[in-house]
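Here are my notes on the model you sent. Please read them with the structure open.

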Amino acid sequence: MGKCGEGYCQICGEYKKLSFEHVPPRSAYNDTPVAAVQMPIGSVESLSSDLDGPPMTMYLNKKGAGACTLCIDCNNLTGGSYGRYFVSAAKQIHDAVYSKSGSAVPKDNHLQIPLHDIVPARILKQVVAMFASIYSSSGNLFAENHRELSDYLLNVNARGWAGEHAFFMYFQKAGYARLISNVYVTREEPSLELLNKSGSVIDLGRDTISEFAFGFLGYIWAHGESIDIVRSSSHSFLDITDWRKEQEKRDLIISLPALTTFPPQIPLTYAQ
Ligand SMILES: [Zn+2]
């Protein structure tokens, strides 16, 4: 993609020519034009006033959703080594739910979905790579602030990372695309309150949550103390953190909570 120009790659951190990274991967139902949407990722005020926030760096265009976030090398690495495993799983989930003979079984607001011949560790790497890409929407560099996760992505054989990170998935049964990078949340109900008093939801400290949802799948990345908040949520998200250890092809039955996203863009909140 000639239009990307040069910039800092979110994964390796080098200043290089960038390429357009599809988030999610193009063949995971992200190859059709999508309407331009400005996501509120700026101030607390912008969250409450719906879609008036500053436009995010990530954009949705005729190629599908994505942004110029990765260098060509990192784009090739993630696409070839992680993306294709992710696409296989996404297609199986899609067919299980939407095809006439679909194998998804609804149970307690969840969908039980059998997956065949998947490599969980590679799927998790693609999810982490997608969070690296959307990190640019906060105006910051993933490779700088989360070098431990960059190293995990850059080494295909790496089985983990230093530091406390957890990753989760859900099924987005309806609603809006969601893109939230690095916010604080509290345990308080009913509405989660953003703690950052500076007017910015972006914080590079510990204990943040990021979430994005597009198409039919949603993802959550919790850091530090936020991990407990997500793990103890009544939504029972699918915790894919330990997929990092699953390097071999296998069959697996997953259980995804089926949730409807809605504005404003506050993580872990869904329509009833
Ligand atoms: Zn790179």
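1. **Basis.** This is a predicted model, in which local features need pLDDT of at least 70, side-chain atom pairs count only at pLDDT 80 or more, and totals for chains, interfaces and linings use all residues. Residues are numbered from 1 along each chain as its sequence is written.

2. **Overall.** The protein chain has six helices and twelve strands. Of the 272 residues in the protein chain, 46% are buried. Buried means 20 or more other C-beta atoms within 10 Å of the residue's own, exposed means 12 or fewer, and partly exposed is in between; C-beta atoms are placed from the backbone. Among contacts with a separation of 6 or more, 73% join residues 24 or more positions apart. A contact needs C-beta atoms, placed from the backbone, within 7 Å.

3. **H2 on H3.** These two helices pack at an angle of about 110 degrees, with axes 8 Å apart. H2 is therefore roughly perpendicular to H3. The classes are roughly parallel under 35 degrees, roughly antiparallel over 145, roughly perpendicular from 65 to 115, and oblique for the rest. Axes are lines fitted to C-alpha atoms, for helices over the stretch in contact, and angles run from 0 to 180 degrees between N-to-C directions. On the H2 side, the contact uses Thr78, Ser81, Tyr82, Gly83, Tyr85, Phe86 and Ala89. They meet Arg122, Ile123, Lys125, Gln126 and Ala129 in H3. The contact has six nonpolar, four polar and two charged residues. Here Ala, Val, Leu, Ile, Met, Phe, Trp, Tyr, Cys and Pro count as nonpolar, Asp, Glu, Lys and Arg as charged, and the others, Gly among them, as polar.

4. **H3 on H5.** Helix H3 (residues 120–134) packs on helix H5 (residues 147–154) at about 130 degrees, with axes 10 Å apart. That angle makes H3 oblique to H5. H3 supplies Lys125, Val128, Ala129 and Ala132, and H5 supplies Leu149, Tyr152 and Leu153. Six of these contact residues are nonpolar, none is polar and one is charged.

5. **Core.** Which residues touch the most other members of the largest nonpolar core? They are Ile11, Val128, Phe167, Phe168 and Tyr219, out of 68 residues. H3 gives this core its largest share, ten residues. Such a core is a set of buried Ala, Val, Leu, Ile, Met, Phe, Trp, Tyr and Cys residues joined through C-beta atoms within 7 Å. Leaving out residues up to four places away in sequence, Val128 touches Leu149, Tyr152, Leu153 and Phe167.

6. **Positive phi.** Most residues other than glycine have a negative phi. Asp117 has a positive phi of about 55 degrees. Asp117 sits in strand E6 (residues 110–118). Asp117 counts as exposed because it has 12 C-beta neighbours inside 10 Å. Leu268 has a positive phi of about 65 degrees. Leu268 lies in the segment after strand E12 (250–261). Leu268 counts as buried, with 20 C-beta neighbours inside 10 Å.

7. **Asp95.** This residue belongs to helix H2 (residues 72–98). Asp95 counts as partly exposed because it has 15 C-beta neighbours inside 10 Å. Asp95 and Ile113 are 18 residues apart in sequence and 9.9 Å apart in space, C-alpha to C-alpha.

Notes. Helices (H or I, at least four residues) and strands (E, at least two) are DSSP runs, numbered from the N terminus. Two residues are in contact if their C-beta atoms, placed from the backbone, lie within 7 Å.
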